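Trainee: I would like to go through this model and ask what stands behind each term. Could we take it piece by piece?

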Amino acid sequence: MTGPPDDLTSWPELPEYAPCGLLVTEPDGTIRLVNATFCAWTGYRAADLVHERRIQDLFTVGGRLFHHTHWLPLMQMQGSAAEVKFDVLHREGHRVPMLFNAVARQRGMRVYHQLAVVVVHDRQKYEQELLLARKRAESALAEQQKAQQALARSRDELAQADRRKDEFLATLGHELRNPLSSMHNVLAILRRQSSGDTEMDRMHGMLGRQVDYVTRLVSDLLDVSRIAQGKLQLRRQPTELASVVRDAVEMVQSSIDSAAQSLTVSVCPEPVELDADPVRLTQVLFNLLHNASKYTPQGGCISLCVATDSDCAVISVCDSGVGIAAEELRAVFDMFAQVPGSAERSQGGLGIGLALVRGLVALHGGTIEARSEGPGKGSEFVVRVPLANDRTRREPLPPAPEGQSQKTPCRIVVVDDNRDAAESLAMLLELEGHDVHIAGSGLAGLELVRHCDAQAVLLDIGLPDIDGYEVARRIRQQPWGTKLLLVAVSGWGQERDRQAAMDAGFDRHLTKPVDIHELTALLRCQGSA
Ligand code: ADP
């Protein structure tokens with residue numbers, strides 16, 4: 001123990017080397033006892049401090065001020081102070097941050113202050129590290145939140161881009177349908193005029209195949225985007241699978257013939273009845289057969305086989321073509337999927353055919369699977385569709401009324417702001433023997449229908465003044481307008497477009513390019529009515 005014995009002799013011994021500094025001071029701060037630990041921390045000898053210095057003499061100016069304004073009043077008023085931080089000046093001049101705890105004690109007649117002191121270097125370091133760790137955690141959290149926000153943003157952007165893509169495809173399809181419609185009509189007219197001329201027939205055939213190809217691409221694109229949006233609806237009816245197979249084979253026969261491929265079709269002898277949309281199912285089989293031909297070299301073999309398996313029809317389309325690698329078997333059904341290397345062997349394509357096929361099969365409640373033993377070993381696509389059962393079997397559609405095959409001329413008004421589309425359709429209908437007038441706007445069309453006493457009106461929907469729906473409504477309000485055949489001829493072919501046309505008073509909704517056989521059949525009915 002360092003310090004004079006005087007009246008402090010009975011004071012409990014102050015541990016010299018305690019892990020904290022220990023001091024006893026007079027109430028004015030004069031140091032009376034100090035242990036070796038404190039001396040070691042401050043660089044002083046006890047003799048330099050005891051009776052020589054007040055504790056506040058060791059503080060910085062700020063510390064001395066604080067000691068005067070806060071420490072002393074605190075000690076006077078409550079007799080203690082806890083965890084007060086002072087920077088103590090080391091003998092060599094640098095600061096040593098210390099935490100002071102003090103309590104006033106009576107010894108005989110006098111009051112002393114007992115001080116316990118710890119260095120807070122480490123604590124500060126620890127606090128700083130904690131602070132740093134907290135900052136790091138906070139910034140990591142902020143980063144994570146930013147990343148989550150960016151993810152949510154890109155998810156939104158992706159969904160928006162997907163929506164825009166579908167809208168774009170729908171608009172693109174619509175815009176392409178007008179020119180395609182004119183091309184179809186003009187081609188049909190040219191074909192009639194040139195029958196007998198082999199060279200012209202050959203060229204028309206070529207042109208016809210290309211126009212049909214583009215038309216198919218456009219409708220496939222639209223169908224795929226409609227399926228993606230859940231907007232495609234089947235028109236189910238009792239369907240005999242053999243007739244669907246016949247239609248699909250007929251459609252694909254010319255591609256198979258021109259590649260000198262052989263096609264074998266085997267259908268089980270008993271009728272296979274489905275509750276299906278025959279047009280869509282034909283589209284499925286046509287796509288599979290068309291691919292089989294596309295991805296099989298000249299002279300190759302293709303087969304189509306129909307069988308039943310408990311409650312399913314099983315249709316398999318096999319080819320001896322380029323085959324598919326095992327790892328690609330699933331991916332071929334994805335939208336825009338094209339197996340690397342197969343594109344150059346085929347005649348192009350967008351990679352939507354199989355996505356469409358899978359979507360249509362799924363709408364029928366069926367499944368499709370691709371099989372191949374690998375590149376060069378041919379492919380097989382197996383479609384399963386549920387057979388019709390008592391629950392799904394429907395009444396067959398009524399047979400077509402008799403006499404439809406007779407030609408009966410009709411007075412027709414064609415209303416379309418696309419001049420080429422209107423004129424080419426008019427010419428085609430005139431060749432069928434009808435009396436056709438055209439108008440380029442809704443109001444002009446309305447006037448024309450009124451004046452020429454039309455029996456049928458073929459109305460485009462998007463018109464420059466009033467739209468086709470409004471024209472239809474106004475016609476239906478007239479006494480002369482109730483019996484007219486009103487046909488919407490539109491580039492928009494979704495179910496809701498059909499419904500809107502029906503609501504506006506149309507009898508039928510046809511999608512451009514119009515199937516001229518369907519249209520003439522409709523007009524025949526009207527002419528003979
Ligand atoms: P595409 O327009 O490219 O033919 P599809 O969706 O019809 O698009 O087919 C997707 C891909 O699947 C094709 O690009 C081709 O690589 C592969 N594929 C489809 N059918 C066959 C087949 N019968 N044989 C080999 N590969 C095929």
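Mentor: Start with helix H6 (residues 241–258), which lies across E7, strand E9 (301–309) and strand E10 (312–319), and runs at about 180° to E7. This is a predicted model: local features need pLDDT of at least 70, side-chain atom pairs count only at pLDDT 80 or more, and totals for chains, interfaces and linings use all residues. Residues are numbered from 1 along each chain as its sequence is written, and side-chain values use heavy atoms, with hydrogens and water left out.

Trainee: What makes a run a helix or a strand?

Mentor: Both are DSSP runs, numbered from the N terminus: helices are H or I with at least four residues, strands are E with at least two. Helix H8 covers residues 353–363 and lies across E11 and E12.

Trainee: How do you know the angle of H8 to E11?

Mentor: Axes are lines fitted to C-alpha atoms, for helices over the stretch in contact (heavy atoms within 4.5 Å). Angles run from 0 to 180 degrees between N-to-C directions. H8 runs at about 140° to E11.

Trainee: Why are E11 and E12 called paired?

Mentor: Two strands pair if DSSP finds at least two bridges between them. Six bridges join E11 to strand E12 (residues 379–386), so the pair qualifies. The two run antiparallel. Glu369 has Val382 in E12 as its bridge partner.

Trainee: Which strands form the open sheet, and in what order?

Mentor: Five strands, in the order E7-E9-E10-E12-E11, with mixed pairing. Strand E7 (262–267) and strand E11 (367–372) are the edge strands, as each pairs on one side only. The twist averages 15° from one strand to the next.

Trainee: Why is Gln494 called buried?

Mentor: Buried means under 20% relative accessible area, exposed over 50%, partly exposed in between (1.4 Å probe, protein chains only). Gln494 has 7%, so it is buried. Gln494 lies in the loop between E16 and H12. Leaving aside neighbours within four places in sequence, Gln494 contacts Ala170, Arg226 and Lys231.

Trainee: What makes the buried residues of H12 one face?

Mentor: In helix H12 (residues 495–504), they are Asp497, Arg498, Ala501 and Ala504. Seen down the axis, they fall within an arc of 130° (directions from the helix axis to the C-beta atoms), so they line one face of the helix. The face turned away carries the exposed residues Arg496 and Asp503.

Trainee: What covers the buried residues of H12?

Mentor: The cover includes helix H11 (468–477), strand E16 (485–490) and strand E17 (508–511).
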